[in-house]
Amino acid sequence: MANEVCLRTLDLERPWLLEQYQSRGGYEMLKKVLTEKTPPDEIIEEVKKSGLRGRGGAGFPTGLKWSFISRNAPGQKFVVCNSDEGEPGTFKDRDIIRYNPHQLIEGMILAGYAIGATRGYNYIRGEFWEPYERFEHALEEAREAGYLGENLLGSGFDFELHSHLGAGAYICGEETALLESIEGKKGQPRYKPPFPAHFGLYGCPTIINNTESLASIPMILEKGGEWFSDIGVKNSGGSKLFSISGNINNPGVFEIPMGTPFSKLLEMAGGMKDGRKIKAVIPGGSSAPVIPGDQMMELTMDYDAIAGAGSMLGSGAVVVLDDTNCMVKVLDRMSYFYHEESCGQCTPCREGTGWLYRVVHRIETGQGRQEDLDLLDDVAGKISGKTICALGDAAAMPVQGMLRHFRDEFQYHIDHKRCMVGAG
Amino acid sequence: MSTSVVKDVIELFNPEVRAEIDRWIAKYPPEWKQSAVMAALRIVQDDNGGWLTTDLMNDVAAYLEMPAIAVYEVATFYSMYELKPVGKHKVCVCTNVSCMINNADTIVEHLEKRLGITFGEVTEDGRFSLKEVECLGACGGAPMMQIGKQYYENLTPEIVDAILEGLE
């Protein structure tokens, strides 16, 4: 079973067009909810029942997040979609926007209805010009068809939706940095609490969900929370889009049930390139601690299984590394990324990511010192949990994962001033 | 006094640029013109051959009724704004993990050799500049690059040559 939720229209020609989406029952759920005036609480209950957890990486239960909004509080409320897809290895939301933008729009309208919001923004990363144009076109079509605007289909419910384009900053994927960015500021995360459900965009109650989460809503409501939940496994309801890349034959996005064995996913992705041996897998975007290949081949793709192996499912971005890769070089590149993308607000992250990068980099370039591995453990430990947002942890976790599983490779680099991969 | 300010603001940009910025302003609550700053900077940058001058940033500030410093903060925080001239074609190459392990370095070397420049530089004729970028969310097509608004995936040196030759 594959492509049942967000990618269910992928087999159609030009699936991003309204008529194509409607040919598969698109916007029927919205019509039903608006005509029957479904009580919003019922919608939230259904989403809770589905077991849907935030698909951006944090895995927070979506229905629970929605229930934090006081729907009857006076004033404006907002639905914000996080399409600032930037966790290295992740490329699924791009496909949802390119190929099924209407399902995302329908999901956002339904989310607005459920929490009492009449305005929404989809924050699309600035580099995603093609997806942005697709989304803009879909918005126009939806507006013309009466799915956006005032008094939708005569229901008395208003909903207006716009896209907001980013301009290159990984940190804006953090939900409060994203809100700051929509407000026209540097994308620096806010202290929490208050959480966005109480003080969000422009100080108004706001829910922020990932693209995949919101695009899943129409199907969850159409077929029922239980249907969705049953696709997956315990604690990991539904199917999930996995972006799989690396040293494999057929990289791409696969929408498959949670709990699918990794070995099956790898097979779908064409297996290892050139028949090489699998060395390691980064299972959930580059901040997820690495898992050795042998161990990964025994795991299933769901929150609990990957957490049980000391890593996280994150955004479902799976990077497969074969045995020609030097793990020091891989970590060097990842540490550079987090250092580059730290917003600079908190000292442990701003300084710590620089330390991590410089120390890993000197090991990679043959300048490593004997005390460096302990130093890396120490610095990583001093960043974790001590920053306003999760970027600090995201920088520390891959370092800790690499040292846990591939310490000998780092030690070899320090001792021999060169790489053990290919050293024979 | 106020009349002259209004007149000045209207004269800040050409009509097309102004219309495009106004389209973005309309997306946000009336008291939150500032929300359009990211779009406005992109629009004036595109209109200015791909980079922002201090004068342009000041104009955006005046147009959106923001302190100039708040505009500089945004322009320096986000990586897609350029504060010095770039080539007519800004070639952005991803070197993050998925691209790296799919030979992004070969692509970078090839571009450097062909264009005779390295990251952060512009060719003498002003046609190309090279920029190293972080993950662009197209890892399934690694190695990849972006030129202007377009993504180019599954690159080889030969494909890169064909792409560059196809550009004006």
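This briefing describes how two chains meet and how selected residues are placed in the structure above. The model is a predicted one, and every value below was computed from its atoms. Chain B and chain A bury about 3,800 Å² between them, and a count over all chains comes to 41 salt bridges, while a search of the whole structure finds 0 disulfides.

**Where chain B meets chain A**

- The contact between the two chains involves 40 residues of chain B and 53 residues of chain A, and of the area of about 3,800 Å² that is buried between them, 57% is on carbon and sulfur atoms.
- Between chain B and chain A there are 5 salt bridges, together with 23 residue pairs in polar contact, counted where both residues have a pLDDT of 80 or more.
- Several elements of chain B, namely α2 (15-25), α3 (37-47), α5 (68-77), α6 (97-100) and β2 (128-133), each supply at least two residues of the side that touches chain A.
- Sorted by class, that side of chain B has 21 nonpolar, 10 polar and 9 charged residues.
- A salt bridge joins the side chains of Lys27(B) and Glu136(A), with a distance of 3.8 Å from N to O.

**Helix α3 of chain B**

- Helix α3(B) is largely enclosed by the rest of the structure, because 9 of its 11 residues are buried.
- The buried residues of α3(B) are Val37(B), Met38(B), Ala39(B), Ala40(B), Leu41(B), Arg42(B), Ile43(B), Val44(B) and Gln45(B), a list that includes the charged residue Arg42(B).
- After α3(B) comes Gly49(B), which has a positive phi, near 75°.

- Cys6(A) counts as buried, with a relative accessibility of 1%.
- The sulfur of Cys346(A) has its closest cysteine sulfur in Cys343(A), at 6.3 Å, which is too far for a bond because a disulfide needs the two sulfur atoms within 2.5 Å.
- Cys346(A) is also buried, its relative accessible area being 14%.

- Side chains of opposite charge can pair when their charged atoms come close.
- Asp95(A) and Arg98(A) form a salt bridge in which the closest N and O atoms are 2.8 Å apart, and both residues lie in helix α5 (residues 93-99) of chain A, 3 residues apart, or about one turn of the helix.
- Both partners of this pair are buried, since Asp95(A) has a relative accessible area of 14% and Arg98(A) has a relative accessibility of 11%.
- A salt bridge also links the side chains of Arg134(A) and Glu130(A), at 3.9 Å from N to O, and these two residues lie 4 residues apart in helix α7 (residues 129-144) of chain A, again about one turn of the helix.
- Arg134(A) counts as buried at 17% relative accessibility, whereas Glu130(A), at 36%, counts as partly exposed.
- An α-helix has 3.6 residues a turn, so residues three or four places apart point the same way.

**A salt bridge between helices, and a network**

- Asp374(A) forms a salt bridge with Arg407(A), and the closest N and O atoms of the pair are 3.4 Å apart.
- Because Asp374(A) lies in helix α16 (residues 372-383) of chain A and Arg407(A) in helix α17 (residues 391-416) of chain A, this pair ties together parts that are 33 residues apart in sequence.
- Asp374(A) counts as exposed at 53% relative accessibility, while Arg407(A), at 30%, counts as partly exposed.
- Elsewhere in chain A, salt bridges that share partners join Arg55(A), Lys92(A), Asp93(A), Glu212(A) and Lys240(A) into one network.

**Glu19 of chain A**

- Glu19(A) lies in helix α1 (residues 18-23) of chain A, and with a relative accessible area of 57% this residue is exposed.
- Although Glu19(A) and Glu141(A) are 122 residues apart in sequence, their C-alpha atoms are 9.4 Å apart in space.

Terms used. Residues numbered from 1 in each chain as written. Chains lettered and ligands numbered in written order. Predicted model: local features only at pLDDT ≥ 70, side-chain atom pairs only at ≥ 80, totals over all residues. Heavy atoms only, no water. Contact = heavy atoms within 4.5 Å. Buried area = accessible area lost by both parts, 1.4 Å probe. Salt bridge = Lys/Arg side-chain N within 4 Å of Asp/Glu carboxyl O. Polar contact = N/O pair within 3.5 Å; in protein donor to acceptor, adjacent residues only side chain to side chain. Buried < 20%, exposed > 50% of the residue type's maximum accessible area, 1.4 Å probe, protein only.
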